[in-house]
Amino acid sequence: MAEIRCRKSAALEGEAAEESRSEAAEEEEERRESGGDEDGQERVPPSTQKSAAASLLQSGLRMMFGAMAAVACGMLYAGYLSGFHDRKFWFSSRQDLEREASFPGGSGLYYHYYKRLLAAPSFSSGFYQLTADNGTVSGRTINAVERLFLYPELITSFLYRVTGSQNRVEPVSFYLGSVFGLQAVCVSALFVCSWALSGTCVAGMLAVSWFVINRQDASRVEQGVPLRENWALPFFSCQVAALTGFLSRSTGSASEMFCYLILSACSFNFLLLWELGHYFLFVQGVCLVLLDSLGLVPPRKTADVYRAYLGSLVLVYLAQFQNASLLCSPLLSLLIGLVPARYFQRKMKMKMGRLGARVMKLLLHIQLVFSSVFTCSFLMKKLLPASGADFTLQLLEAKLGLNSTADFVTNFLLCQEALRAPGQDLFLRLTQTSLLPFYVLVLTVCLLSALQAVFRRLSGQPISSSLRLEDGRIGEQPAVAYHLLHTLLLGVLTLLFDGVKYLWTPYVCMFTAFGVCSPDLWMTLFKWLRLKSVHPVVLSLILSTAVPTIIGFSLWREFYPRVLAELADLQEIYDPDLMELIAWIRSQAPAVFAGSPVLLGTIKLCSGSVVTSLPVYSDLDLLRRTEDTFQVYARMSAEDVYKRLVAHGTAYVIVEESICSDVQLRTGCRVKDLLDAANGQAARFQTDSFSKHGRFCQEVKMNYSPYTNYFTRVFWNRSYHVYRVNPVISFQY
């Protein structure tokens with residue numbers, strides 16, 4: 001018994017010694033992060049001072065050259081976008097009406113408010129008109145600034161006034177120039193982020209090259225210039241670059257504080273300019289939570305980032321007129337749920353104990369975090385039932401196949417291109433530009449190295465804060481670990497939602513360029529292969545220069561002529577039927593028009609007429625109005641359609657031939673199929689429907705009773721048929 005007691009006491013003493021060593025190592029690591037020894041300062045010899053001055057000068061020259069290269073890449077890309085846009089739409093040689101009609105997809109609605117602000121007597125009066133707008137949607141007074149996130153138009157119109165550009169630049173040119181300038185900022189931020197991770201400007205140039213070649217999947221600026229993400233995503237790129245610098249810099253340094261200020265400012269702008277911004281900051285916050293739990297990022301820095309999130313949310317909530325959707329955002333639920341989770345994290349002493357105990361504590365902490373988030377989100381939805389959070393949850397359940405529904409609005413949103421799953425052509429295009437194969441290589445090496453770092457951390461081995469090239473541990477760098485997890489989560493979301501690729505693809509360009517240009521990545525790979533014939537450090541330095549050079553030369557040889565050919569190609573995008581319709585609408589007295597949301601956005605921009613709905617897919621009430629308008633394509637009686645249109649004060653309804661006669665083979669997402677399913681006349685993926693009424697858009701063209709009793713055709717061409725909704729029903733037989 002005495003021997004057993006001695007062994008037990010020895011084991012306990014050994015475990016206590018191990019825990020004390022672990023605590024001492026962690027304290028030593030935190031002390032190094034907080035500034036090192038404070039006992040005294042060592043005297044530096046003159047020779048060392050001279051070498052430090054030379055190194056500082058060399059570093060300054062390298063920084064200046066890199067900054068100039070980043071700015072030059074951004075300016076060249078902005079000039080390319082401007083030239084391509086002018087060639088595509090013949091923008092500089094068209095009249096104002098034709099220019100406005102060239103904004104596709106209903107995105108011109110935002111430019112309409114920019115024009116209204118410039119037409120107002122003063123900026124303050126224009127701002128007040130938008131906060132109480134009763135001339136856009138029939139029968140409703142809306143706060144357009146809150147509902148449509150119109151701060152880009154507010155800022156641009158204000159700058160146009162105060163800079164005195166009225167006599168020098170056209171309003172549309174100033175507006176487009178602002179968007180293209182932000183795209184230049186986005187490209188420069190990608191350059192800086194890849195450069196900061198790899199330590200070489202070659203990575204930045206390679207990232208920009210891949211971005212330009214894959215811009216079809218990296219940006220929507222060519223699809224619709226005024227879209228909200230074209231204003232917001234450049235700030236997200238700057239925020240990611242600032243977060244990279246914040247995680248890479250030593251604690252307490254001036255550069256760390258500078259990166260933190262940029263991080264806070266860009267987070268605020270990103271949330272202010274895009275209604276979906278808080279969802280993507282939530283994804284970023286989840287990455288930091290997981291990295292903090294695994295010990296790959298210092299806890300103090302993650303806490304500082306959470307404070308920046310909270311401050312940005314509060315300021316945006318005030319600027320957006322106390323928008324309830326921000327209170328129900330998952331980002332706010334995450335920040336609130338982290339408070340008890342971090343408290344119990346300190347109490348549980350997660351960094352103490354053996355491997356099994358640490359793993360159990362880690363799993364318990366992660367479960368506690370997400371349980372707190374879900375609980376907070378549930379309480380917010382109960383306190384704010386009108387926020388639309390329930391509808392968002394219903395949409396996600398339908399997307400993931402957890403709940404099938406025949407609701408028109410839900411299925412209509414899921415059929416939008418941004419919410420559909422991407423096709424295989426996306427990955428084929430990324431493979432043809434050599435981006436995807438190298439991305440898989442970089443991702444695999446960084447992921448395996450990060451898993452090794454996690455195992456060391458859970459085993460009680462402290463992660464060194466001063467890594468050398470010879471160590472071959474690229475996954476232990478906090479910035480690399482963050483980008484690794486972030487690009488993985490965005491990649492998973494891209495597999496579900498095609499619209500997320502506009503965040504993921506630029507990320508892939510930056511991350512892949514960093515990997516192939518980083519000696520640390522090649523050194524990590526060679527450490528695993530255990531090379532003996534060639535020194536791994538020398539070989540990693542050679543490959544980090546040779547591989548990007550070969551990639552860059554092949555890209556220049558194959559894709560540079562194509563990029564120049566796009567600038568030389570003159571395109572003709574002109575819709576005479578649409579221009580004829582707009583000319584007729586402008587000749588009529590002010591009236592209320594009903595139609596598809598995309599068409600109504602163009603009509604609102606070009607004519608200023610009142611419409612029944614808008615191409616805004618974040619407003620549930622406007623989507624229900626869209627459903628009522630779309631009944632002209634359903635199998636419904638003339639009387640029922642008439643009642644729905646009159647309820648919204650409609651004077652004219654526009655029937656589009658492309659929707660009424662849609663015969664595409666891909667069923668399930670045609671407007672006609674969605675309406676038949678919502679009205680209980682057919683299943684969603686079936687073309688056969690049963691109803692005693694014919695399809696309204698086809699029957700009304702026959703001009704027989706009872707359709708002529710309620711509607712009178714007043715305009716038509718090959719693409720559009722306009723019917724006046726009779727104010728007094730005339731019964732003709």
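Student: Which residue in β3 does Ala594 stand opposite?
Tutor: Val653 is the residue in β3 that stands opposite Ala594. Now look at the strands themselves. β1 covers residues 592-594 and β3 covers residues 652-656. The two run parallel and are joined by two bridges.

Student: How much trust does the predictor place in this?
Tutor: This is a predicted model, and pLDDT gives the predictor's confidence in each residue, from 0 to 100. The protein has an average pLDDT of 83, with 87% of the residues scoring at least 70. Residues 1-42, however, have a pLDDT below 50. Beyond near neighbours in sequence, that stretch makes 18 contacts in the model.

Student: In what order do the five strands lie in the sheet?
Tutor: The order is β2-β1-β3-β5-β4, in an open sheet with mixed pairing.

Student: Why is one side of β2 and of β4 left without a neighbour in the sheet?
Tutor: β2 (610-611) and β4 (711-716) stand at the edges and have a single partner strand each, so one side of each has no neighbour in the sheet.

Student: Do β4 and β5 pair in the parallel or the antiparallel sense?
Tutor: Their pairing is antiparallel, over five bridges. In this pair, Phe711 stands opposite Val725 in β5. A hairpin of three residues connects β4 to β5.

Student: Which strands does helix α25 lie across?
Tutor: Helix α25, residues 576-587, lies across β1, β3, β4 and β5. Against β5 (720-725), the helix runs at about 25°.

Conventions. Residues are numbered from 1 along each chain as its sequence is written. This is a predicted model: local features need pLDDT of at least 70, side-chain atom pairs count only at pLDDT 80 or more; totals for chains, interfaces and linings use all residues. Side-chain values use heavy atoms; hydrogens and water are left out. Contact means heavy atoms within 4.5 Å. Two strands pair if DSSP finds at least two bridges between them. Helices (H or I, at least four residues) and strands (E, at least two) are DSSP runs, numbered from the N terminus. Axes are lines fitted to C-alpha atoms, for helices over the stretch in contact, and angles run from 0 to 180 degrees between N-to-C directions.
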